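Please read them with the structure open.

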Amino acid sequence: MKKYLGPIIAVVAVIAVIGLLMIGPYNRLVGLEEKSDESLSNIDNQLQRRVDLIPNLVDTVKGYTKHEEKVFKDVADARSKLSGAQTPQDKAEANGEVNSALSRLLAISEKYPDLKADKQFTGLRDELAGTENRIAVARKDYNESINEYNQSTRRFPSSIVAGLFNFDKKEYFQAKDGAKDAPKVDFGGDES
């Protein structure tokens with residue numbers, strides 16, 4: 001038995017050293033993953049804030065306009081899609097649709113001077129603009145945290161720990177193609 005005691009101690013010592021070397025990268029990956037989840041949660045909070053503002057804005061605009069049903073329907077559809085989005089990519093796409101629909105809704109105020117001067121409308125519009133800025137900051141913070149996390153999962157030696165414990169690559173919150181283009185607003189009335 002004494003003959004095997006030395007090799008057994010050596011194997012246990014090697015396993016213990018390897019385990020100790022993995023603790024640092026593992027804890028770093030856990031911290032980065034939590035940070036990215038927190039950042040995504042901040043985006044969700046701001047998107048929800050905007051979704052909550054939309055019904056009040058639509059109701060205010062409806063009070064002045066009776067012939068803009070297509071725009072109201074587009075806003076409601078986009079809002080529903082954003083509420084049901086699960087992945088960062090789905091949220092980014094739904095966010096683009098909400099932006100487009102809200103742009104058309106806000107453009108309606110140009111046709112209705114009384115609406116444009118309404119205090120409730122201007123207050124909601126300003127609050128919506130502030131929320132858009134918060135969404136942009138939250139999206140930037142999220143993408144930075146994902147960048148740091150993804151780099152850590154790919155760099156040696158933490159890539160070994162990431163592979164062993166399933167720290168998979170995460171998606172960025174990317175705007176869909178064409179999101180940088182201003183939406184077209186057509187008041188030609190040929191909406192049917």
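Predicted model: local features only at pLDDT ≥ 70, side-chain atom pairs only at ≥ 80, totals over all residues.

1. The largest cavity has a volume of about 30 Å³.

2. Which residues line the largest cavity? They are Leu 53, Ile 54, Leu 57, Leu 124 and Leu 128. By class, the lining has five nonpolar residues, no polar ones and no charged ones.

3. Now the helices behind that lining. Helix 1 (2–64) and helix 5 each supply at least two of the lining residues. Helix 1 gives the largest share, three residues.

4. Next, helix 5 and its packing against helix 3. Helix 3 covers residues 88–108, and helix 5 covers residues 119–154. They pack at an angle of about 155 degrees. Their axes are 13 Å apart. Angles over 145 degrees count as roughly antiparallel, so helix 3 is roughly antiparallel to helix 5. The crossing of these two helices is left-handed.

5. Which residues make the contact between helix 3 and helix 5? Helix 3 brings Pro 88, Asn 95, Asn 99, Leu 102 and Leu 106. Helix 5 brings Phe 121, Arg 125, Leu 128, Glu 132, Arg 139 and Tyr 142. Six of the contact residues are nonpolar, two are polar and three are charged. Look at Leu 128 here: it belongs to this contact and also lines the largest cavity.

6. Helix 3 has another partner, helix 2 (residues 69–84). At what angle do helix 2 and helix 3 pack? The angle is about 155 degrees, with the axes 8 Å apart. That makes helix 2 roughly antiparallel to helix 3. Helix 2 passes helix 3 in a left-handed crossing.

7. The residue list for this pair is as follows. From helix 2 come Val 71, Phe 72, Asp 74, Val 75, Ala 78, Arg 79, Lys 81 and Leu 82. They meet Lys 91, Ala 94, Asn 95, Glu 97, Val 98, Ala 101, Leu 102, Arg 104, Leu 105 and Ile 108 of helix 3. The classes are eleven nonpolar, one polar and six charged.

8. Finally, two residues of helix 3 to check on screen. Asn 95 and Leu 102 are in the contact with helix 2, and both are in the contact with helix 5.

Conventions:
Residues numbered from 1 in each chain as written. Heavy atoms only, no water. Axes fitted to C-alpha atoms, helices over the stretch in contact; angles between N-to-C directions. Helix = DSSP H or I, 4+ residues; strand = E, 2+ residues; numbered from the N terminus. Parallel < 35°, antiparallel > 145°, perpendicular 65-115°, else oblique. Left-handed = near helix turned anticlockwise from the far one by under 90°. Contact = heavy atoms within 4.5 Å. Nonpolar A, V, L, I, M, F, W, Y, C, P; charged D, E, K, R; others polar. 1 Å grid on protein atoms, 1.4 Å probe; cavity = no way out; pocket = protein on both sides within 12 Å on 5 of 7 lines; lining within 4 Å. Points joined across faces, edges and corners; volume = space filled by probe spheres on them.
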